[in-house]
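Q: Could we go through the contacts in this model together? I would like to begin inside one chain and then move on to how the chains meet.

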4 protein chains.
Amino acid sequence: MAIYHPARKTPFNIIRSGYIELGVTDIQKSRDFYINILGLIETEQCEDSLYLRGLEESSHHCVVLTKSCEPIVKRMGFQVENKEDLSRIEALLQQLNLPVNFNNDRHHTLQTCDPLGMPIEFYASMPQVARNLQKYSTYRGCRPMRIDHFNCFTPDVQKSHEFYSKQLGFHLTEYTETDDDDPQLWAVWMQRKGNVHDLALTNGIGPRLHHIAFWCPTAMDIIHLCDVMATSGYVDNIERGPGRHGISNAFFLYVRDPDGHRIELYSSDYLTVDPDFKPIRWGLHDAQRQTLWGHAAPKSWFEEGSLFVNTTTISPRLKAQPIVAN
Amino acid sequence: MAIYHPARKTPFNIIRSGYIELGVTDIQKSRDFYINILGLIETEQCEDSLYLRGLEESSHHCVVLTKSCEPIVKRMGFQVENKEDLSRIEALLQQLNLPVNFNNDRHHTLQTCDPLGMPIEFYASMPQVARNLQKYSTYRGCRPMRIDHFNCFTPDVQKSHEFYSKQLGFHLTEYTETDDDDPQLWAVWMQRKGNVHDLALTNGIGPRLHHIAFWCPTAMDIIHLCDVMATSGYVDNIERGPGRHGISNAFFLYVRDPDGHRIELYSSDYLTVDPDFKPIRWGLHDAQRQTLWGHAAPKSWFEEGSLFVNTTTISPRLKAQPIVAN
Amino acid sequence: MAIYHPARKTPFNIIRSGYIELGVTDIQKSRDFYINILGLIETEQCEDSLYLRGLEESSHHCVVLTKSCEPIVKRMGFQVENKEDLSRIEALLQQLNLPVNFNNDRHHTLQTCDPLGMPIEFYASMPQVARNLQKYSTYRGCRPMRIDHFNCFTPDVQKSHEFYSKQLGFHLTEYTETDDDDPQLWAVWMQRKGNVHDLALTNGIGPRLHHIAFWCPTAMDIIHLCDVMATSGYVDNIERGPGRHGISNAFFLYVRDPDGHRIELYSSDYLTVDPDFKPIRWGLHDAQRQTLWGHAAPKSWFEEGSLFVNTTTISPRLKAQPIVAN
Amino acid sequence: MAIYHPARKTPFNIIRSGYIELGVTDIQKSRDFYINILGLIETEQCEDSLYLRGLEESSHHCVVLTKSCEPIVKRMGFQVENKEDLSRIEALLQQLNLPVNFNNDRHHTLQTCDPLGMPIEFYASMPQVARNLQKYSTYRGCRPMRIDHFNCFTPDVQKSHEFYSKQLGFHLTEYTETDDDDPQLWAVWMQRKGNVHDLALTNGIGPRLHHIAFWCPTAMDIIHLCDVMATSGYVDNIERGPGRHGISNAFFLYVRDPDGHRIELYSSDYLTVDPDFKPIRWGLHDAQRQTLWGHAAPKSWFEEGSLFVNTTTISPRLKAQPIVAN
């Protein structure tokens with residue numbers, strides 16, 4: 001077992017984690033949560049979908065909330081550099097016997113699944129709208145600037161990591177492995193845009209979405225969100241934090257949306273663009289990897305996640321570790 | 001010439017700077033500025049007056065904006081401990097041959113003028129309303145918590161200081177004086193509530209109001225106000241700062257309301273309740289007393305102020321100092 | 001059973017919580033913790049005692065750490081306005097049959113015990129030293145500005161509250177009481193200096209010290225302390241938080257010093273000087289009173305405290321409440 | 001006249017602005033400034049050079065301070081992806097008749113000049129050292145995380161921009177141009193690492209270095225640096241700010257080192273990795289492009305810069321614009 005570092009050079013260029021479409025059971029409740037509480041901006045509402053973006057984003061949306069009879073993840077997309085990259089990724093997928101479908105509903109999208117069955121998409125461009133970065137009077141909630149990353153459960157971190165690193169060119173930045181004689185990868189953090197991650201994968205029943213994260217300017221904004229949620233009827237939606245991750249060095253807060261989808265508010269990681277960057281290893285028994293300050297995460301944080309649409313989950317290859325104090 | 005320290009014990013107890021009533025020419029413009037931009041809370045609007053308070057205040061108002069044909073200061077009040085204190089102050093004023101009037105319009109108020117002709121008032125209580133401190137979702141602008149102090153021009157700082165310190169019991173915390181052989185008081189900062197000031201007095205054409213100040217939680221909130229004003233049509237209303245005062249150690253910003261009344265946003269001074277507290281002296285040529293970081297204040301900041309209603313101003317006793325770099 | 005509000009007028013004026021002397025088993029370990037980690041300033045070390053103060057304090061010390069064979073609280077003092085006040089308090093204590101002793105070791109101090117046997121002291125003045133508020137290059141740790149309050153266990157909150165409020169003139173600001181038909185006071189927060197408290201008392205085996213608190217400028221400084229402690233060998237000394245108290249609205253962190261004495265880092269409460277201030281009641285089952293964001297405090301926080309020297313503790317009058325989620 | 005956007009695809013990959021070597025006249029004075037005041041970390045001192053890095057950097061250095069008889073810029077380097085890229089850049093430079101020299105003093109470096117005569121270098125790797133990101137107890141000054149960018153005067157922005165964009169593949173993010181009928185490029189901001197810039201170029205006597213910038217976590221850290229400098233004998237080294245740039249949205253402060261080299265402390269710009277990113281145009285008469293809040297920059301800021309070693313400067317192609325209020 002091994003980490004893949006550096007990532008293999010690919011003939012295409014994946015830019016960043018781009019958008020997610022979440023099935024939600026009550027658009028009005030979700031609207032209140034994502035816009036009034038978190039502070040995302042509404043770009044458009046049409047039919048059963050609400051399109052949202054962060055304060056600095058000029059892309060049309062990073063989150064789509066779609067009326068659904070149950071909480072579900074419908075789509076999860078990565079942006080690539082150009083249309084030709086979509087064809088190059090298509091060729092790779094065919095070579096790997098992975099499914100390929102093009103969807104042109106709103107923008108040209110290549111849809112597939114990874115080898116573990118997790119649905120992912122690629123797109124080269126999206127309609128551009130106004131950047132609200134300097135419309136300061138509209139700032140609300142935790143001032144979410146942009147989508148930062150996706151974090152998913154996979155039943156086989158080793159195999160998932162191999163796909164994303166060797167085939168898709170994701171760069172490993174940090175990882176945890178078991179502390180025994182034959183160490184196994186427990187979780188990986190991989191990036192394309194130059195900070196700690198665009199995609200993290202962790203051992204568990206999967207594929208499932210663990211959380212999506214929004215990048216916030218400072219810890220103060222995240223603390224303000226705690227205060228707002230605690231006094232606006234959302235105190236029970238605060239799941240974990242605020243705190244500092246050992247891994248990534250991020251100041252974090254985990255909250256649950258009205259359907260239970262988990263959202264991380266994330267700040268202050270670091271730049272990873274250097275070609276001589278060395279991934280950081282953490283042992284599974286180092287409690288500070290999770291919370292530098294020593295706090296335990298709740299059981300729900302280790303166990304609960306959102307299902308992807310039309311996807312079968314399986315049990316993880318590695319036996320669940322006892323939930324330690326942190 | 002001398003400073004009065006400690007203040008003389010008085011038979012009454014002035015608690016703090018309490019409220020100000022400003023005449024404004026356009027209530028709607030002022031409403032937008034004080035509520036949407038600064039972030040004060042509307043308690044009540046009735047007839048031609050708008051009553052505002054800070055986020056932590058349970059008193060009905062600290063600012064009253066009243067329709068007026070010209071910008072003017074109508075009333076400026078200090079809270080005292082109880083009704084008996086009003087009678088005790090009344091007795092003092094009569095002894096000093098200062099005017100006395102009781103006004104019961106909205107709450108029982110003793111109105112007078114100081115020896116330089118500046119109108120001031122005293123009141124023991126005010127209707128109480130909800131404290132919004134923990135209604136975090138309503139926070140806006142620079143999150144102004146409470147009124148902090150009044151700062152006024154007086155033509156004779158020495159004489160004014162003597163009245164407020166010896167007769168009314170205000171405690172001197174910091175002061176500037178000229179650097180010559182016969183040093184003269186140039187400005188004084190005096191407190192009742194236990195931080196650096198409830199009332200500051202500075203040499204100039206007076207009596208006039210230089211500014212009122214609101215206490216904000218952190219420098220970050222004040223920086224956010226700069227960003228909001230700069231992108232909401234109020235960039236020209238930013239007059240000075242943000243910066244750090246040497247005097248008081250406050251992080252400050254001075255802005256002008258739509259009628260030109262000057263507002264300070266103020267944070268991070270210090271506790272002054274100790275009986276063994278020693279006032280801090282600053283020489284008039286120490287530029288860092290004004291801005292610790294060395295920035296000059298604009299000419300308008302030294303010269304402009306708001307007139308009090310029905311009050312005659314006179315030239316200052318001390319010759320104006322050249323406006324130095326700071 | 002009732003709260004005492006307003007406090008009775010007293011013929012003396014208690015200014016604020018002033019200093020504490022803690023017995024510590026290893027001065028060097030304590031020095032590292034209080035100075036290098038927390039960021040307090042050393043005023044003086046002599047014989048077996050280390051004298052510390054906050055960044056804005058000009059009093060000689062607010063904390064004395066004295067070599068001791070076991071962790072203990074040796075002295076806990078409140079400052080009064082002047083020497084005459086000491087005589088007036090002496091008269092009161094004699095009238096109440098409470099012990100009186102004058103100690104002139106370093107500054108003139110009146111020593112006594114409250115009716116529950118908790119040792120307290122009073123002093124009018126202390127040697128003054130330089131205020132380091134504007135020596136910014138020396139700021140470290142969480143930038144502790146000043147001592148804020150003492151929090152103590154008492155076996156009878158009702159009786160303790162009566163003494164401090166009726167006899168000593170402490171003003172009640174917030175309180176918790178049981179939710180049954182005959183509500184009993186569970187904890188009280190009482191102030192003299194104009195913010196939420198100088199002294200809090202909570203039901204438990206007592207008298208014992210629950211914690212002392214230092215006032216910090218912003219939540220960011222407290223978060224930085226978490227990061228510093230977590231990466232300097234003190235991660236296990238972080239006991240609770242950071243978080244927001246419902247009571248007092250303070251942003252807080254509780255840490256334990258090398259001997260287990262509990263320290264709170266405290267920020268952002270509110271002004272309480274108004275004579276028309278109304279104490280805020282919290283029901284014992286309102287979890288947000290403790291942590292607005294809903295986090296539970298650990299068992300140790302409810303049970304552990306520091307003993308006072310030569311003091312017998314007794315069990316609390318009210319039965320311990322089950323430790324709820326928060 | 002035109003902007004070059006998108007940048008031309010290049011056969012090599014420039015990663016980011018990497019390091020600068022500054023000639024300084026007194027290493028001890030510079031050491032105090034860069035380490036004790038700004039908060040950079042010393043990696044190594046050898047012979048006449050001091051090697052410094054930011055708190056999150058694992059590269060050996062981003063700043064080299066070398067004893068010199070006069071203030072000068074000795075070297076300015078960009079990191080590339082690998083050694084092969086150096087050969088590919090060498091080929092390009094030869095084709096453009098630009099000088100090529102390889103220097104192996106400390107790490108393998110390709111040295112050249114741009115078409116305007118500005119000395120620049122390229123390197124693929126540098127010795128790696130410990131990342132201090134989580135050594136929180138060592139944080140000082142403004143907590144500078146990493147080098148962010150270089151800003152240089154050029155006598156011909158159009159020509160310089162063409163070189164960096166068309167030949168080297170720098171992506172334009174923001175630019176200013178004259179407001180007349182035949183608009184001319186006045187300044188350009190160009191990036192490789194995915195935020196607003198690695199290199200900015202502005203019209204003026206050149207080539208000269210205008211400033212180097214360090215990325216800081218929050219505005220609060222930059223404000224703390226103002227406080228530290230103002231009270232540590234460096235008040236006159238504060239040249240401009242703090243403030244918010246309209247361009248880049250950065251919170252900024254400009255200070256001068258003991259030799260007059262200009263340093264920017266920089267925070268809170270935005271992500272620019274999207275392939276559908278559109279450069280932002282600012283008219284030269286829009287004062288908010290420079291300071292969103294409307295403050296003027298001092299004359300020195302427009303006129304002064306550091307010379308490059310062995311480099312002849314010439315007057316700018318465009319006539320100097322009157323220095324407007326901002």
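Q: How many residue pairs are in polar contact between domain 1 of chain A and domain 2 of chain A?
A: In this predicted model, 16 residue pairs are in polar contact between domain 1 of chain A and domain 2 of chain A, both residues of each pair being at pLDDT 80 or more.

Q: Which elements on the domain 1 side touch domain 2 of chain A?
A: Four elements of chain A each give two or more residues to that side: strand 1 (14–24), helix 1 (27–38), strand 5 (72–80) and strand 8 (119–123). Strand 1 of chain A gives the largest share, 10 residues.

Q: And by class, what does the side of domain 1 that touches domain 2 of chain A consist of?
A: That side of domain 1 of chain A has 28 nonpolar, 10 polar and 7 charged residues.

Q: How many salt bridges are counted between the two domains of chain A?
A: The count between domain 1 and domain 2 of chain A is 1 salt bridge.

Q: Which side chain meets that of Glu56(A) in a salt bridge?
A: The side chain of Arg146(A) does, with an N to O distance of 3.0 Å.

Q: Where are the domain bounds in chain A?
A: Domain 1 of chain A covers 14–127, and domain 2 covers 140–307. Their C-alpha centres lie 19 Å apart.

Q: What area is buried between the two domains of chain A?
A: It is about 3700 Å², with carbon and sulfur atoms giving 71% of that area. In terms of contacts, 45 residues of domain 1 of chain A meet 46 residues of domain 2.

Q: Changing topic: what area do chain A and chain B bury between them?
A: Chain A and chain B bury about 1000 Å², 62% of it on carbon and sulfur atoms. Tyr136(A), Arg143(A) and His224(A) supply 44% of the area that chain A buries there, more than any other three residues.

Technical notes
Residues numbered from 1 in each chain as written. Chains lettered and ligands numbered in written order. Predicted model: local features only at pLDDT ≥ 70, side-chain atom pairs only at ≥ 80, totals over all residues. Heavy atoms only, no water. Buried area = accessible area lost by both parts, 1.4 Å probe. Domains from an automatic or database assignment. Contact = heavy atoms within 4.5 Å. Salt bridge = Lys/Arg side-chain N within 4 Å of Asp/Glu carboxyl O. Polar contact = N/O pair within 3.5 Å; in protein donor to acceptor, adjacent residues only side chain to side chain. Nonpolar A, V, L, I, M, F, W, Y, C, P; charged D, E, K, R; others polar.
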